[in-house]
Amino acid sequence: MQQSHERLEPAGPGPAPAGPTPAGAVPTGPVPAGAASTGPAFTGPAPAGAPSTAASTPAPARPARILVVDDDPTVAEVVTGYLDRAGYVVDRAGDGPAALARAAGHRPDLVVLDLMLPGMDGLEVCRRMRADSGPVPVIMLTARGDEDDRILGLEVGADDYVTKPFSPRELVLRVESVLRRTRPRADTGPLGAAGLTIDPAARRATKNGTELALTLREFDLLAFFLRHPGRAYGREDLMREVWGWDFGDLSTVTVHVRRLRGKVEDDPGRPRLIQTVWGVGYRFDPSAAGPAEQEA
């Protein structure tokens with residue numbers, strides 16, 4: 001199977017032209033190989049004339065509300081500036097309790113959430129926010145190389161993650177990608193099979209009449225499987241079709257399939273509906289007569 005890239009790159013603007021970075025400028029291109037993985041994500045606040053991403057990521061008709069949660073004021077300021085210029089309404093919080101209070105006061109359409117927060121870390125904030133405010137999309141900010149933390153973030157329901165240091169323009173593209181997936185599809189009605197039903201317009205899913213608590217990506221993944229029963233898809237295919245990425249960390253797909261199985265299978269350890277096709281990927285088979293082989 002094709003190996004995934006360590007760094008997630010956006011399908012958007014390329015690297016900045018070669019040459020020295022002006023004093024105080026914010027790096028907007030990919031991080032060079034061997035770049036330090038610690039320290040602040042940026043070298044300074046965004047200059048007044050920083051490039052706007054509004055042309056490549058048009059704002060929705062109703063500006064989406066984004067909550068940025070980061071205890072580093074420089075990171076928060078730069079991210080807020082780029083999102084504001086892209087047409088979003090942006091709230092900020094510097095720690096977990098403040099983030100939960102902001103989300104309770106004005107429910108965000110998406111949260112950009114730093115994993116490493118003082119006191120209450122991003123994982124706990126994500127858990128509590130979903131418990132209090134429902135399935136709000138979350139993009140987690142993590143340090144380079146902390147694969148276990150990224151997996152944990154996905155396990156608690158994060159829809160995407162970006163590793164520090166990162167390009168602010170990359171983050172804006174990720175925000176637009178996630179928000180685009182929350183908009184109802186106009187080309188399909190309710191779907192159903194094997195006791196599972198989904199209503200794309202209402203973003204509701206049920207199993208045998210009982211509503212399922214699915215995250216954004218879990219819902220999209222289930223909808224894709226219901227639209228394409230009986231066909232095997234590789235993780236690369238699912239990442240492209242469900243996430244809209246041409247490349248990325250394939251463990252994202254693995255984690256979401258495991259989480260989805262835990263909610264739709266009678267016995268997640270011996271999945272019957274979402275089967276593993278060894279050497280290929282996964283297949284949704286609503287007509288399967290018996291349990292598939294146990295997951296390795």
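This is a predicted model: local features need pLDDT of at least 70, side-chain atom pairs count only at pLDDT 80 or more; totals for chains, interfaces and linings use all residues.
1. Start with Arg-217, which sits in helix 6 (residues 216–227). Arg-217 is buried yet has no salt bridge. Its nearest side chain of opposite charge is Asp-220, 4.3 Å away. Beyond its sequence neighbours up to four places away, Arg-217 touches residues including Asp-159, Arg-181, Trp-243, Trp-245 and His-256.

2. Helix 5 (residues 168–182) and helix 6 have axes that come within 10 Å and cross at roughly 55°. That angle makes helix 5 oblique to helix 6. The crossing is left-handed. Helix 5 contributes Ser-177, Val-178, Arg-181 and Thr-182 to the contact; helix 6 contributes Leu-216, Arg-217 and Asp-220.

3. The whole structure holds 13 salt bridges. One of them joins Lys-164 to Asp-70, with the closest N and O atoms 3.2 Å apart. Lys-164 is in strand 5 and Asp-70 in the loop between strand 1 and helix 1, so the bridge ties together parts 94 residues apart in sequence. Lys-164 is buried at 14% relative accessibility, and Asp-70 is buried at 4%. Asp-114 joins these two in a network of salt bridges.

4. Helix 6 also carries Glu-218, which pairs with Lys-263 of helix 8, 45 residues apart. Glu-218 is buried at 0% relative accessibility, whereas Lys-263 is partly exposed at 27%.

5. Asp-237 and Arg-240 form a local salt bridge at 2.9 Å, N to O. Both lie in helix 7, three residues and about one helical turn apart.

Technical notes. Residues are numbered from 1 along each chain as its sequence is written. Side-chain values use heavy atoms; hydrogens and water are left out. Helices (H or I, at least four residues) and strands (E, at least two) are DSSP runs, numbered from the N terminus. Buried means under 20% relative accessible area, exposed over 50%, partly exposed in between (1.4 Å probe, protein chains only). Lys and Arg count as positive and Asp and Glu as negative; His and the chain ends are not counted. A salt bridge is a side-chain nitrogen of Lys or Arg within 4 Å of a carboxyl oxygen of Asp or Glu. Contact means heavy atoms within 4.5 Å. Axes are lines fitted to C-alpha atoms, for helices over the stretch in contact, and angles run from 0 to 180 degrees between N-to-C directions. Angles under 35 degrees count as roughly parallel, over 145 as roughly antiparallel, 65 to 115 as roughly perpendicular and the rest as oblique. A crossing is left-handed if the near helix is turned anticlockwise from the far one by less than a right angle, and right-handed if clockwise.
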